[in-house]
Amino acid sequence: MVKRKSEAFINGKALRPESLMMGYGYHPEWSEGAIKCPIFQTSTFTFKNAEESKAFFELAYGLRKRDPNEELGLIYSRLNNPDLEILEDRLALWDDAEAGAVFSSGMSAISTTLLSFLRPGDVILHSEPVYGGTDYLLKQILPQFNIRPIGFLANGGIEAIERVLADPDVAHRLGMIYLEIPANPTNALVDIAACAALAQRRSSSERRGLLAVDNTFLGPLWQQPLKHGADLALYSATKFIGGHSDLIAGVCLGAADLIAHVKTMRTIMGTMADPWTGWLLMRSLETLKLRMTSQMKNARYVANFLAEHPRVERVYYLGHLVEDDPQYPIYRKQCSAPGSMIAFDIVGGQAEAFRFLNALEHIKLAVSLGGTESLAEHPATMTHADVDPEERIEMGITDQMVRLSVGIEHPEDLIADLEQALAAA
Ligand SMILES: *Cc1c(COP(=O)(O)O)cnc(C)c1O
């Protein structure tokens, strides 16, 4: 549970995150009355006196215990900076996290967090498919440190994870369960609470099995992993949180002791975001709910249109899950809306998918997602080109599949573009 500042309450009642994004954690009297937090474009901070700086460094290096209510003073922008600290306070509100850390990219958030907790000899159990950069980290880099990745299909149900954990050697070495859900691009879900229980059961007194969830696709609005027992929520803030396709950043949220550990690694690896990116993200957070709500509503129009279209074979959209689908109860339990990522199989194969993509006039052909503008791409030859072709089919990523990230345009304009491009395909 977040330790909220007093300004987050009226008459003892907590204000909602969207009400707090404009000013939480910043006081105009700090900066000449400026209504907005300035950009603290500085590498270092002056100390009042040598005694103060000594006290700051003792805390920074963990040489003494922190007094209750004592915050780490500002030292140097690789350790901390007001734009990052205020941003971290605001980000924590959405997921009701105790603490947060902001990074220079989603990948630096993920790699710094994994290296903070995994040790040689560990196993990391992860859902498949995962983001290409994460896939490379898991399968190419971590094994160089004797950390073994074991994947399970996101659409395989909790049984797929239990099967892997039935091997006592794997169970004994479990360092982390890592989920990326909904899976990209098929929108497959994994039960977060069930995974949290599995990680808990593998924990010993000296070692805690952690559950980390990459929540980029639905969070922080429509899915909050920490509320379902995850230890860490990770984000590529490049996507919905930034939301304007104009910056690269990442986030890790969780309990204060875990985030303190991650921040130590961040300080040493130097993977923090810069003050300007921090400031841009604060600006983005003011409209986060507006944008994600508009995108989610547009996506529903688009998905319904696609599902009815004779040139579309299948639509992968959380809002179309039917009650007898094993994914449906998971969706109802842990997601509050279907988000704005849609994939669909066009009738035909790669040639038809390419003709469709080339015919789009308004929707841009690009990877990335979550921005105000709608984007389309071909997973099999773009975001997932690196995946072994056989495994790719097993994950449900066909040659006829197109992925859409739906933006905030007028939904009828989006549908008009899709309609003419489907006709051209
Ligand atoms: C984009 C993305 C990442 C990587 O984030 P960057 O900000 O590009 O480093 C990680 N996970 C998911 C699900 C993503 O979509």
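This is a predicted model: local features need pLDDT of at least 70, side-chain atom pairs count only at pLDDT 80 or more; totals for chains, interfaces and linings use all residues.
Residues are numbered from 1 along each chain as its sequence is written, and side-chain values use heavy atoms, with hydrogens and water left out. Local features need pLDDT of at least 70 and side-chain atom pairs count only at pLDDT 80 or more, while totals for chains, interfaces and linings use all residues.

Helices (H or I, at least four residues) and strands (E, at least two) are DSSP runs, numbered from the N terminus. Helix α3 covers residues 82-95, 14 residues in total. From first C-alpha to last, α3 reaches 21 Å, close to the 20 Å expected at 1.5 Å a residue; the expected span is 1.5 Å times one less than the number of residues. Twelve of the 14 residues of α3 are buried, where buried means under 20% relative accessible area, exposed over 50%, and partly exposed in between (1.4 Å probe, protein chains only). Among the buried residues are P82, L84, R90, L91 and W94.

At the start of α3, a side-chain oxygen of N81 comes to within 2.9 Å of the backbone nitrogen of D83. Just after the helix, D96 has a positive phi of about 55 degrees.

The largest nonpolar core has 48 residues. A nonpolar core is a set of buried Ala, Val, Leu, Ile, Met, Phe, Trp, Tyr and Cys residues joined through side-chain atoms within 4.5 Å. L91, L253, L281 and L285 have the most contacts inside this core. At least two core residues come from each of α3, β8 (232-236), β9 (250-254), α10 (275-286), α11 (288-308) and α12 (327-334). Helix α3 supplies the largest share, seven residues.

**The ligand site**

There are 15 residues around the ligand, and M107, D214, S236, T238 and K239 come nearest; a residue is near a molecule if one of its heavy atoms lies within 4 Å of it. Polar contacts (pairs of N or O atoms within 3.5 Å; within protein, one must be able to donate a hydrogen and the other to accept it, and residues adjacent in sequence count only if both atoms are side-chain atoms) are listed below.

| Residue | Polar atom of residue | Distance to a ligand oxygen |
|---|---|---|
| M107 | backbone | 2.8 Å |
| T238 | side chain | 2.6 Å |
| K239 | side chain | 2.7 Å |

Taken alone, the ligand exposes 380 Å², and the protein buries 94% of that. Helix α4 (residues 106-117) gives the most residues to the shell, with three.

Most residues other than glycine have a negative phi, and most peptide bonds are trans. A cis peptide bond joins E128 and P129, with omega about 0 degrees; P129 sits in the loop between β4 (123-128) and α5. Another cis peptide bond joins G219 and P220, with omega about -5 degrees, and P220 is in the loop between β7 (210-214) and β8.

E32 has a positive phi near 60 degrees and lies in the loop between α1 (17-20) and α2 (50-60). With a relative accessible area of 83%, E32 is exposed. N146 also has a positive phi, about 60 degrees, and is found in the loop between α5 and β5 (148-153). N146 counts as exposed because its relative accessibility is 53%.

N187, in the loop between β6 (174-180) and α8 (192-201), is buried at 5% relative accessible area. A polar side-chain atom of N187 lies 3.0 Å from the backbone oxygen of M341.

Definitions and conventions. Accessible areas come from the Shrake-Rupley method with a 1.4 Å probe; for residues, only the protein chains shown count as cover.
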